[in-house]
Amino acid sequence: MTEPGLPAIALAGPTASGKTAAALAIAERLGARGMPVEIVSVDSALVYRGMDIGTAKPTPAERAAAPHHLIDILDPRERYSAAEFAADARRLIAEIRARGALPLLVGGTMLYFKALTEGLHDMPPADPAVRTAIDAEAALRGWPALHAELARVDPSTAARLAPGDSQRIQRALEVWRIAGQPLSHFHAIEKRAASAGSASAGAIFSLEPASRAWLHERIARRFDAMLAEGFLDEVRALRARGDLSAALPSMRCVGYRQAWEFLDTHGARGLDGPWPMEELRERGIAATRQLAKRQITWLRGMPQRTVIASDADDAVAQTVHAVERLLEQRA
């Protein structure tokens, strides 16, 4: 760690893997040892006010057990980018450390973790027209000639490419012609952000089930509980505002999107009359399972993480012990 103060610790995992329970157990255990913990949410749905049931937002009692950040900070009509999250998280980590507390980042929005640990850049996307023009020039002049052109505008990138590396030469020239900035400029930005993110993020523990069936069962039970708590009424109230739409990021959150579409299909009427709730249940559970699958795929691309089996009987105790052991090693 290059920054002063306690290291930040991240607790990741797919939806319904038990992150909230583990985070609160960590906060309780360390707090009892005189080390206060503050939780920074890494969840793109928890930022929205009025979206409580469908996001499985920590309860008031849970949030009272330890300070929580980046929850209920936006209205559902607002947007929040991964870059904004990374900036807010770095600021909060520094503030929490300054208070002598441990920053504990908890959530399952993997793009947010990537933005914090690896950085993001504004490199332009591929442009078919520009690529076609470059290919046409290469057919006339040859790739070594285009490599020489790249050496004039982006010498550092050209130095690491062979004159015949057509794919990478094409991309580097494409970036230069679209953005007016060399590819090396964007890589330098990403490298600086990654360095800052690495110092901010600290160790990453990941709660991942050994059995996918275990996670599927938890997802189903949790969605059933949400429906029983009034999730459909929550979405109906959001629709009734009149200033939200299905196109907003908030309403594209898993569960909310399916409930919105359900109400579009069956009408935003009262609960009287026949409601095919099994349809909503099946679609919501299926969408949540797909989200969990994507999250696990992201996590497997993070080799620096320490995996803890979330379906183990002592998963919470294992997580607390792993955090304690890390802190003792760094003391």
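A polar contact is a pair of N or O atoms within 3.5 Å; within protein, one atom must be able to donate a hydrogen and the other to accept it, and residues adjacent in sequence count only if both atoms are side-chain atoms. The structure is a predicted model, in which local features need pLDDT of at least 70 and side-chain atom pairs count only at pLDDT 80 or more, while totals for chains, interfaces and linings use all residues. Residues are numbered from 1 along each chain as its sequence is written, and side-chain values use heavy atoms, with hydrogens and water left out.

Helices (H or I, at least four residues) and strands (E, at least two) are DSSP runs, numbered from the N terminus. Two strands are taken to pair if DSSP finds at least two bridges between them. On this basis, 6 strands form an open sheet with parallel pairing, in the order E3-E2-E4-E1-E5-E6. Strand E2 (residues 37–42) pairs with strand E4 (residues 102–107) in the parallel sense over 6 bridges, and Val 106 in E4 is the bridge partner of Ser 41. Helix H14 (residues 315–330) packs on the sheet and touches E1, E4, E5 and E6 (contact means heavy atoms within 4.5 Å). The direction of H14 makes about 170 degrees with that of E5, where axes are lines fitted to C-alpha atoms, for helices over the stretch in contact, and angles run from 0 to 180 degrees between N-to-C directions.

Strand E5 (residues 203–208) pairs in the parallel sense with strand E1 (residues 9–12) over 4 bridges, and Leu 11 stands opposite Phe 205 in E5. E5 also pairs in the parallel sense with strand E6 (residues 306–309), again over 4 bridges; here Val 307 in E6 is the bridge partner of Ser 206. Of the 6 residues of E5, 6 are buried, a term that denotes under 20% relative accessible area, with exposed over 50% and partly exposed in between (1.4 Å probe, protein chains only). Both faces are covered, with Ala 203, Phe 205 and Leu 207 on one side and Ile 204, Ser 206 and Glu 208 on the other. Glu 208 counts as buried because its relative accessibility is 10%. Beyond its neighbours within four places in sequence, Glu 208 is in contact with residues including Leu 299, Arg 305 and Val 307.

Helix H11 (residues 231–240) is also mostly covered, with 7 of its 10 residues buried. Among the buried residues are Phe 231, Leu 232 and Arg 236, and their cover includes helix H10 (212–229), H12 and H13. Arg 236 has a relative accessible area of 15% and is therefore buried. Its side chain is joined to that of Asp 233 by a polar contact of 2.4 Å. The C-alpha atoms of Arg 236 and Leu 263 are separated by 7.8 Å, although the two lie 27 residues apart along the chain. Just after H11, Gly 242 takes a positive phi of about 90 degrees.

Helix H12 (residues 256–266) and helix H13 (residues 277–300) pack with their axes 9 Å apart, at an angle of about 155 degrees. H12 and H13 are therefore roughly antiparallel (over 145 degrees; under 35 is roughly parallel, 65 to 115 roughly perpendicular and the rest oblique). Residues that meet include Phe 262 and His 266 in H12, and Leu 280 and Arg 283 in H13.
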